[in-house]
Amino acid sequence: MAPVSPQLAASVPLHGRALVVVRRPEDARALLPSLDARAAALTRIDVYFAPREPFASVDDTARALARIYVELAALAIAHDRLDLQVNVLVAPRCVSLDTLLQSPDLCVVVSFDEDGTPRVESLPTLEPLTAAALLGGPDSAPPLPNPTHGTVAVGGTFDHLHPGHKALLTATVLHAEHDLVVGLVDDALLVNKKHASVLEPYEMRHAQLVSFLQLLAPNLAVEVVPLRDAFGPAATYANLDALVATVETRDNSEKVNSIRAGNGLDPIDIVLIPVLSGTSDQEMDMANKLSSTQIRAWYVAKALAASAPPADGVTGLDQ
C-alpha cells in the first residue's frame, strides 16, 4: 500500500500558528478556548509558560507542563485535529518570547489583559507585540529547579510527534543538566507497526525531534542515535547518568542496569514518568493515553473519506 499523504487529512486550508502566553498552569485552560474559532485552520500552537513562582522540584515542573499538554490535546481532539502541532515551552530554559514573536507565520497571540480577561491579537497588529507587554514586565521567570543528572537518555519511535511524546521529552530535558541522548527507533524495527503506510520515516522523525528540542532547550547538547534494539545507548554509553522512561516500559527499563553490568559499565538511575492522557478529565489515564497508532489511524480514516465516492450519486458539480 502506498504511503498516504498527511495533506489528505486536512478538510480546511491550514495556515499560521498561534502563540499562547501563560504565567500559571491553569491559565492554559482559561485561554485556549479563545482559539476555538481558529483551531481547525491552525498548523501549530505554542504555549510560552513563564511561571510567576518557582517550582519546588523537577517533577513538579514536569507535572505542570503535562497538565498544559492535556489541555492542548483536548483542544486538538475536540476539533478533530490530531495533526495539530502543539508545544509547551517553559522559561527561562526555552527560546525567548521575542524569538517566538518574530516567527513569520505567527497569526494570532493570546494572553491575559491587565484586568485578567483573555486578549486575542490577530496579526499584524497596529503596534508590534513585545514580550514586556505580554508578560506585564521583562521577559523573565524564576530559575527552574536544578536538573537531577548531567547526561540523560530517552528512547522511542516518536512517530507523529504528539503531546504524550513531548511531555516525556520535556520531563527528560528538565532532568538533564547539559547532555541529552535520544535513541530513535530505526525504520527496520517498525515494518509491522499498525497503519505502517502512514508511519513517518526515520529522517522525518529525526528532523521533527531535533526541531522541537531546539525550541524546548536550545542550550542543551543533543545527540540522536538510531535505536536498533530495546535498550540502545542506555545499555552501552559509559558517560550516562540516567534513563527517563514511561511507566509502561518499566520492565525493559529496569533490565538496563543488568545489561550495563555485563558490559562493564556503572549503573544509571531509572526515572519513570506517567503516561499522558488524551482527556482533560484524567491527567494520567492509561486507557485513554495518546498514541501514534491513534494518530496514524486518524490519517488513514481521513484519507479513505477523502477518496470515497460521493453518496447517492452526488458529484462535485451538483448544486
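These legends go with a set of close-up views of one predicted model.

**View 1. The whole chain, before zooming in.** This predicted chain is built from nine helices and 10 strands. Of its 319 residues, 49% count as buried. Look at contacts with a separation of 6 or more, and you'll find that residues 24 or more positions apart account for 76% of them. The chain exposes about 15,400 Å², and carbon and sulfur atoms supply 53% of that area.

**View 2. Arg17 and Asp46, a pair from two strands.** Side chains of opposite charge can pair when their charged atoms come close. Here Arg17 and Asp46 form a salt bridge, with 3.4 Å between the closest N and O atoms. Arg17 belongs to strand S1 (residues 17-22) and Asp46 to strand S2 (residues 44-49), so to speak two distant parts of the chain, 29 residues apart. Both ends are tucked away: Asp46 is buried at a relative accessible area of 1%, and Arg17 is buried at 12%.

**View 3. Arg17 again, this time with Asp105.** Arg17 also meets Asp105 in a salt bridge, at 3.1 Å from N to O. This link spans 88 residues, from Arg17 in strand S1 to Asp105 in the loop between helix H3 (97-101) and strand S4 (106-112). Asp105 is partly exposed, with a relative accessible area of 32%, whereas Arg17 is buried.

**View 4. Arg205 and Asp187, a helix held to a loop.** The closest N and O atoms of this salt bridge are 2.7 Å apart. Arg205 sits in helix H6 (residues 202-216), while Asp187 sits in the loop between strand S7 (176-185) and H6, so the pair ties together parts that are 18 residues apart in sequence. Arg205 is buried, with a relative accessible area of 0%. Asp187, at 30% relative accessibility, counts as partly exposed.

View 5. The structure holds one cavity of 30 Å³ or more, and the volume of the largest cavity is about 30 Å³. Its lining is made up of Val90, Arg93, Thr170, Val173, Leu174 and Leu216. Helix H5 (residues 163-175) gives the largest share of that lining, with three residues. Sorted by type, the lining has four nonpolar residues, one polar and one charged.

View 6. Most residues other than glycine have a negative phi, and most peptide bonds are trans. The bond that joins Ala91 and Pro92 is cis, with omega about 5°. Pro92 is placed in the loop between strand S3 (85-90) and H3. Another cis bond runs from Leu123 to Pro124, with omega near 0°. You'll find Pro124 in the loop between strand S5 (118-122) and helix H4 (131-135).

**View 7. Asp80 and His160, two residues with positive phi.** Neither is a glycine, yet phi is near 55° for Asp80 and near 50° for His160. Asp80 lies in the loop between helix H2 (58-78) and S3, and His160 in the loop between strand S6 (149-156) and H5. Asp80 is partly exposed, at a relative accessible area of 35%. His160 is buried, at 6%.

Key: Residues are numbered from 1 along each chain as its sequence is written. This is a predicted model: local features need pLDDT of at least 70, side-chain atom pairs count only at pLDDT 80 or more; totals for chains, interfaces and linings use all residues. Side-chain values use heavy atoms; hydrogens and water are left out. Helices (H or I, at least four residues) and strands (E, at least two) are DSSP runs, numbered from the N terminus. Buried means under 20% relative accessible area, exposed over 50%, partly exposed in between (1.4 Å probe, protein chains only). Contact means heavy atoms within 4.5 Å. Accessible areas come from the Shrake-Rupley method with a 1.4 Å probe; for residues, only the protein chains shown count as cover. A salt bridge is a side-chain nitrogen of Lys or Arg within 4 Å of a carboxyl oxygen of Asp or Glu. On a 1 Å grid over the protein atoms alone, a cavity is a set of points where a 1.4 Å probe fits but cannot get out, and a pocket is an open set with protein on both sides within 12 Å along at least five of seven lines; lining residues have an atom within 4 Å of a point. Grid points are joined across faces, edges and corners, and a volume is the space filled by probe spheres set on the points. Ala, Val, Leu, Ile, Met, Phe, Trp, Tyr, Cys and Pro count as nonpolar, Asp, Glu, Lys and Arg as charged, and the others, Gly among them, as polar.
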